[in-house]
Amino acid sequence: MHAWEAIQKTLNHIEERIGEEIPIETLAEIAALSPFYYQRLFTRLVKRPVREYIKLRRLAVACRALRDKKNRILDIAIEYGFGSHETFTRAFKDTYGITPARYRDTPVSLSHFDKPDLLLNYVMIDEGVPLISDGLVLEMNRKSVEAPVDFLGAEGHFPFERGKMLGERPGVDMPHKVWSMFISILNDIPKIPGGRHIGVCYRGTAPEGHTTYFAGAEVERDVKSPRFASWRIPVREYVVCGFEAENFEQLTASALGKAMKYTRFWLKKHGLIADGFFQTIYYQDSPENTYIELWIPFRQRENNI
């Protein structure tokens, strides 16, 4: 068994018993490692210490329970292993920047630390060959854009921590705010009927330590309006990671983060590197919106390292 497979077994064990006491010794035994080496390997592969990871996953699951106001915050705290209302509130605020009570009263979209699928860091697939990961189906291809494609919508800036991918940055979901702005103006945009929607992360005019995010709808080429922000898909070649799931909730929960991680791995193995921006394409004619594509412009990695 590979080292990543041993750690993945313990990730599955944690998820199945998320509200229970989970001794390090038990996890190490499942992985067939000493407690010392298990914790060292876990931190290396998951990018968080074991105890911190368990706390973050408990918070992620507890957020779902908080949406139902019939559940008392104290009961949620106890059910998910925090011991007291105070301990839960402190952990929640440290992670997301708001208290559980405020989140419940004024719901905002939160980003969580998702359960990793370590297989995506080690299994290479050929172009056009699907890969199944926790119910998610990914497929890698290349696509050449022969003519620019224009979008109109909304944009905003948010803090960006280099080296942390989507699904590894718990906190308030800042891109969701941009999507909310976009939805509020969607009916006013001269969009193409049945056209695509796009979400783009790029440097743009964001201040140091921040990134720009754009959400928009496809319009006829060269259509402009001072009312809306704009984005153009440039003419060039892209690596496209298409991914789909059984339902939209599963697709949006952690799929994009997994697709980004796998695309980064796939590019590296092919001697390539992402070049400047990330585009997520949403197809309005996709059944139940369960198919998304991540388009990554790329260039040759210097010295292929």
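## Starting at a strand pair

H197 sits across from A217, a residue of β7. That's a handy way into this predicted model, where local features need pLDDT of at least 70, side-chain atom pairs count only at pLDDT 80 or more, and totals for chains, interfaces and linings use all residues. Residue numbers start from 1 along each chain as its sequence is written, and side-chain values use heavy atoms, with hydrogens and water left out.

Strand β7 covers residues 210-219, runs antiparallel to β6 and is joined to it by six bridges. Two strands count as paired here if DSSP finds at least two bridges between them. Strand β6 (residues 197-202) also pairs with β11 (residues 277-282), again in the antiparallel sense and over six bridges. In that pairing, C201 has F278 of β11 as its bridge partner.

How enclosed is β6 by the rest of the structure? Largely, because five of its six residues are buried. Buried means under 20% relative accessible area, exposed means over 50%, and partly exposed lies in between (1.4 Å probe, protein chains only).

## The chain as a whole

Stepping back, the chain has nine helices and 12 strands. These are DSSP runs numbered from the N terminus: helices are H or I with at least four residues, strands are E with at least two. The radius of gyration is 21 Å, close to the 19 Å that the globule rule gives for 305 residues, so the chain is as compact as a globular protein of that length. That radius is taken over C-alpha atoms, and the rule is 2.2 Å times the number of residues to the power 0.38. Along its principal axes, the C-alpha trace spans about 60 × 50 × 40 Å.

Of the 305 residues, 47% count as buried. Among contacts (heavy atoms within 4.5 Å) between residues at least 6 apart in sequence, 71% join residues at least 24 apart. The chain exposes about 15700 Å², with carbon and sulfur atoms supplying 50% of that; the areas come from the Shrake-Rupley method with a 1.4 Å probe, and for residues, only the protein chains shown count as cover.

## A hairpin and its neighbour

Now look at β2 (residues 131-133) and β3 (residues 136-144), which pair in the antiparallel sense over three bridges. S133 has L136 of β3 as its bridge partner. The two strands form a hairpin with two residues between them, and D134 in the turn has a positive phi of about 50°.

Strand β3 is also joined to β9 (residues 237-244) by eight bridges, and this pair runs antiparallel. Here N141 stands opposite V240 of β9.

## Two buried residues

Y238 belongs to strand β9 and is buried, at a relative accessible area of 0%. Y238 and N141 are 97 residues apart in sequence, yet their C-alpha atoms are 8.5 Å apart in space. Leaving out residues up to four places away in sequence, Y238 touches several residues, including N141, F277, W295 and F298.

T10 lies in helix α1 (residues 3-16). Is T10 buried or exposed? T10 counts as buried, with 0% relative accessibility. Not counting residues up to four places away in sequence, T10 touches L27, I30, A31, Y38 and F42. T10 and Y38 are 28 residues apart along the chain, and 10.0 Å separates their C-alpha atoms.
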